[in-house]
Structure formats: structure tokens, C-alpha cells
Amino acid sequence: MRQRGSRVGLPLFAVMLLGTLVLPALSLADAPALEQATSDEGLAESIHVNTTWVLVAAVLVLFMQAGFAMLEIGFSRAKNAGSGVAKILTNLSIAAICYWAVGFAFAFGTGASEGDIIGTTGFFLSDFGNAQEAFFPSGLGLSDAIVESKWLFQFAFCAVSLAIVWGTTLERIKYSAYVVYAIVFSAVIYPIGSHWVFGGGWLQLGETALMPTGIQDFAGSTAVHLIGATGALAALLLLGPRKGKYGADGRPRAIPGHSMPLVGLGTIILLIGWFGFNAGSTLNATDGRFAEVAMITLLGGTSGVIGAFIATTLKQRTIDIGMVANGMIAGLVAITAPSGYVELWAAPIIGIVAGLLVVFAVLAIDKRLDDPVGALSAHGLAGIWGTLSCGIFTAPRLAEYNAFGDPEGGLWYSGSFTQLGAQAMGVLIAFTFVFMMSYATFFLIKKTIGLRVSDETEDAGLDVVEHGMYGYPEQFIPAPEIGGHSFGPLVPPRGNVPEPITPAAITGRTEEVPA
């Protein structure tokens with residue numbers, strides 16, 4: 001039976017979309033950026049180059065949505081495979097509208113004062129003035145790429161963070177809950193949290209009694225990955241484990257995903273997208289720094305695989321495919337914050353530690369919490385480690401170049417705990433804010449439209465109940481009921497026409513394959 005709550009999110013999204021369409025004046029408050037750009041005959045070549053690079057990087061980051069889809073579908077059972085496709089497309093679409101309307105303004109708009117808690121300008125991408133002269137109180141203002149390219153790049157980050165949330169909720173959360181939380185997350189939670197960390201907010205600028213120096217997070221170990229993992233933790237605590245995950249004695253049982261090849265494919269796609277994620281965060285191609293950041297990213301991710309390989313061999317006495325995949329993701333997550341702050345030699349250290357960490361963390365968390373893809377470990381704990389690593393390995397020359405944090409560098413160079421303390425405080429504050437907001441949102445969802453599907457729906461699978469179809473119909477629907485099915489050769493040899501070859505003739509079974 002289809003759940004009533006599964007249709008609630010549609011009218012909510014429709015109302016939100018209608019609200020954006022009846023306010024066209026806001027979105028047209030400024031002339032299009034292209035018009036403004038071409039009106040200036042003295043437009044510098046760097047604007048074209050940097051804008052192109054930022055757009056290419058944004059597309060690479062958007063491609064990561066395919067990676068998340070493959071990863072989560074692979075870790076799901078076959079009866080829930082199709083729901084992952086609908087989830088990714090729905091969340092991406094909702095986030096695009098919300099981030100355009102208010103999210104980007106909250107994240108990167110100017111506030112009442114320097115180092116504020118929320119941006120208050122730039123709604124519907126207006127109020128920025130000339131595209132090349134738009135003011136941003138963060139690293140975004142150091143690039144002369146046009147505003148629209150910066151928006152697309154930052155929106156792709158928001159979509160990644162939102163995709164991370166759902167890793168812990170596979171196979172038992174209502175589709176309508178996706179819709180409601182996606183609106184709140186992309187319009188309020190992520191924009192404010194990211195504003196604090198790398199949008200020119202108070203955590204990034206520092207200079208307060210609580211934060212004497214600002215947090216360093218080049219591409220989002222905290223601002224993107226920890227924020228997403230924190231939302232995932234809040235959802236998981238209210239949602240509970242999948243049926244059958246824990247036995248009567250409380251010990252966890254393995255619920256294998258249906259396709260490790262899809263997990264591997266998703267991981268490789270994420271690796272490719274990460275070059276846009278980190279190297280693109282330079283927002284600048286003319287100084288050539290993006291190449292160094294890309295190499296650091298590769299060293300961090302691949303070292304994560306090595307760390308996970310060592311840990312799973314020692315701990316599990318085997319080479320666990322899922323663990324090795326999460327090792328790469330953890331290495332990439334960890335190197336995200338320091339990718340623009342550390343020298344090449346530090347990247348393998350950061351990656352290996354992340355790979356070791358993720359294996360032991362997944363096994364420990366699995367004893368109490370049902371996290372099917374390991375998001376809490378690969379994005380949460382690895383994100384914390386990556387952020388803290390800036391406080392250890394940040395090079396003075398890069399701290400000065402980026403203009404954020406202690407110019408004397410991390411503990412390794414300065415012998416001071418100043419930057420490490422700022423990193424720890426920033427992580428704690430960001431986690432607390434996002435967890436409180438996310439927990440409150442999911443709690444309200446649970447008390448109103450409901451958060452979890454019924455036991456019957458969970459048994460049957462989300463594909464057929466929530467979406468009216470199967471991701472793999474041939475596996476669940478008897479062959480005679482599938483239109484256009486065919487068995488045996490179409491043109492038999494020498495004109496003999498044998499009886500059609502049926503599944504029963506091959507297997508001796510006539511009953512439907514159970515879900």
C-alpha cells in the first residue's frame with residue numbers, strides 16, 4: 001500500500017516553486033552578467049579564463065551526484081535500487097531553486113558587519129552590481145570570475161553536502177521527508193553553516209575572544225562534508241536501524257549491498273569530481289595554483305586507499321571492497337580542507353590517517369548505529385580529521401597567500417597550538433549548530449508527516465511502494481508478466497521451430513522470485 005506521507009512533499013515544493021516564479025522582479029533586479037561583462041571594452045583576459053575554469057570545476061562537482069547515486073545504490077539491496085535515482089534528482093532540483101532564491105545570499109552575501117553570522121544581500125542573485133566588481137566578504141571575492149559561475153560552483157557544493165545526508169537513511173525513510181529536509185537544508189542550514197566557515201562569517205575571520213584566529217577550510221572538509229554528515233547523524237538517531245540489522249542479543253548483522261561494482265564506479269566518479277571540488281576552489285586559473293591543489297588531492301585520496309587496505313587487512317583479515325572504497329572517500333574528504341594550505345609531502349600523511357580511521361570507525365559505529373554507506377565515518381570523522389590537520393600542517397606561505405588563519409602556519413611550523421585550537425573550536429561550533437537545526441527539522445517531520453516507512457513497505461522495498469516500479473524488474477516480476485519478453489533464438493537453425501525456452505525449463509522453478 002502506498003504511504004500517504006509520500007505525496008506530502010509535492011505540494012510543499014510546488015508552493016515554494018510558485019513563490020519564486022511570482023517574484024521575477026527580484027531575479028531581474030540587476031542586468032545579466034553577460035551584458036555587464038560585454039559592456040566593458042577593457043575586459044581583462046583573466047576574467048574569461050577564470051570564469052571558464054570555475055564553470056568547468058562546477059560541472060565536475062555536479063558530476064559527483066552520479067557518484068553518490070552509484071555509491072548509495074550499490075550499497076542498497078536490489079529492491080531499493082531505483083529509489084536512489086529519484087532521490088538524487090529530486091534533491092538536486094530542490095537545492096537549485098532554494099540556493100538561487102536565498103541560500104547563496106545567506107552563504108556569501110554581505111551582512112550588517114564584518115564577520116557576521118548570516119549574509120543579507122544577494123537574494124535571487126541580485127544586488128551584486130557589476131559581475132566583475134561584485135563584493136564578497138570571503139575568498140570568493142579574490143577571484144574575478146563572474147558571479148553566475150561562482151554561484152554554480154557553490155551550488156554544486158550545497159548539492160554534495162545534501163547528498164551526504166541520505167547515506168545513513170537508505171532503505172527506510174519516506175520520500176516526502178527527503179523533500180521537506182532538502183528545502184530547509186539548502187535554504188537555511190547549509191548556507192548559514194558554510195557562511196560561518198568559508199563564506200566570510202565569524203568563524204573564518206576570527207579575531208574574537210572565542211576565536212583569536214580564523215578557521216582554515218580551503219574546500220569544505222567541515223563546511224561541506226561535516227555539515228552533511230551531521231545532518232545524516234541527526235536523521236539516523238530519529239530514524240533507527242533497518243529491520244533485521246540487530247539481533248535479539250543486540251549484535252549487528254551484515255546487510256550486504258547488491259552491487260560492489262556500482263560502489264566502485266561511484267567511488268571513481270567521486271574521485272574525478274573531486275579535482276573540480278578542491279582544485280576548483282582556487283577560483284583562479286591564471287596563477288596556476290590549481291595544478292598543485294589537484295596533485296595534493298590525488299595524493300590524499302590514493303593514500304586513503306592504502307590506509308584502508310592496511311586497516312581492513314589487519315582488522316578483518318581480508319580486503320573488504322566497501323572499506324577500500326570508503327578509504328578513498330575518507331582520504332579525499334580529509335584532504336579537502338588542507339588542499340590549499342599544505343605542501344605536497346603532508347598529503348599522503350593526511351590521507352593514510354583518514355584511511356586507517358575510516359575502517360575502525362565504520363566497525364565501531366556499526367555496533368550501535370545502522371549507517372549503510374559509512375557516511376558518518378567517511379564524511380564526518382574524516383572531515384573532522386582533515387580540518388584539524390590544517391592546524392598541524394598548514395604552511396606559512398600558503399596561510400599568508402590565502403589570507404585566512406594564523407600566518408605563522410600550523411603546529412609543525414610554528415610550534416604553536418593557535419591554529420589547531422581555532423580548527424577544533426570551528427568544528428565544534430559548526431557541528432553543534434547543524435546538529436541542533438537538523439535534529440529539530442527531522443523531529444518535526446517525524447511528528448507531522450512521518451519520517452519512516454511502514455514495516456510492510458520496508459519489506460516490499462521502496463521502489464515498488466514509493467515509486468510504483470522496480471529498479472530491476474526482471475528480478476522481481478515473473479517473466480510472463482513483463483511485456484515484450486522473449487526466450488530462445490529468433491531464427492532457429494535449419495528452419496526447425498522449437499518450443500520457447502522458459503525460465504521454468506532452465507531452473508525448474510515456476511514461482512515468483514521473492515523480494
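1. Basis. This is a predicted model, in which local features need pLDDT of at least 70, side-chain atom pairs count only at pLDDT 80 or more, and totals for chains, interfaces and linings use all residues. Residues are numbered from 1 along each chain as its sequence is written, and side-chain values use heavy atoms, with hydrogens and water left out.

2. Overall content. The chain has 21 helices and zero strands. Helices (H or I, at least four residues) and strands (E, at least two) are DSSP runs, numbered from the N terminus. Of the 515 residues in the chain, 54% are buried. Buried means under 20% relative accessible area, exposed over 50%, and partly exposed in between (1.4 Å probe, protein chains only). Among contacts with a separation of 6 or more, 78% link residues 24 or more positions apart, where contact means heavy atoms within 4.5 Å.

3. Loop between helix 5 and helix 6. Leu-125 has a phi near 60°, a positive value in a residue other than glycine. Its relative accessibility is 17%, so Leu-125 counts as buried. Asp-116 belongs to the loop between helix 5 and helix 6 and, at 10% relative accessibility, also counts as buried. The side chains of Asp-116 and His-195 are joined by a polar contact of 2.7 Å. A polar contact is a pair of N or O atoms within 3.5 Å; within protein, one must be able to donate a hydrogen and the other to accept it, and residues adjacent in sequence count only if both atoms are side-chain atoms. Leaving aside residues up to four places away in sequence, Asp-116 touches Thr-110, Gly-111, His-195, Trp-196, Gly-200, Gly-201 and Trp-202. Gly-200 is 84 residues from Asp-116 along the chain, yet their C-alpha atoms are separated by 7.7 Å.

4. Helix 6 (residues 147-165) has 19 residues and should span 27 Å at 1.5 Å a residue; its end C-alpha atoms are 28 Å apart, which agrees. The expected span is 1.5 Å times one less than the number of residues. Because 17 of its 19 residues are buried, helix 6 is largely enclosed by the rest of the structure. Glu-171 lies in the loop between helix 6 and helix 7 (175-198). Glu-171 is not a glycine, but its phi is positive, at about 80°. With a relative accessible area of 3%, Glu-171 is buried.

5. Helices 13 and 14. Helix 13 (residues 346-365) and helix 14 (residues 375-393) pack at an angle of about 145°, with axes 9 Å apart. Axes are lines fitted to C-alpha atoms, for helices over the stretch in contact, and angles run from 0 to 180 degrees between N-to-C directions. Residues making the contact include Ile-349, Val-353 and Leu-357 of helix 13 and Leu-381, Trp-385 and Phe-393 of helix 14. By class, the contact has 16 nonpolar, two polar and no charged residues. Ala, Val, Leu, Ile, Met, Phe, Trp, Tyr, Cys and Pro count as nonpolar, Asp, Glu, Lys and Arg as charged, and the others, Gly among them, as polar.

6. Thr-394. This residue is in the loop between helix 14 and helix 15 (396-402) and counts as buried at 0% relative accessibility. Its side chain makes a polar contact of 2.8 Å with the side chain of Gln-216, and the side chain of Thr-394 also reaches the backbone oxygen of Cys-390 at 2.7 Å.
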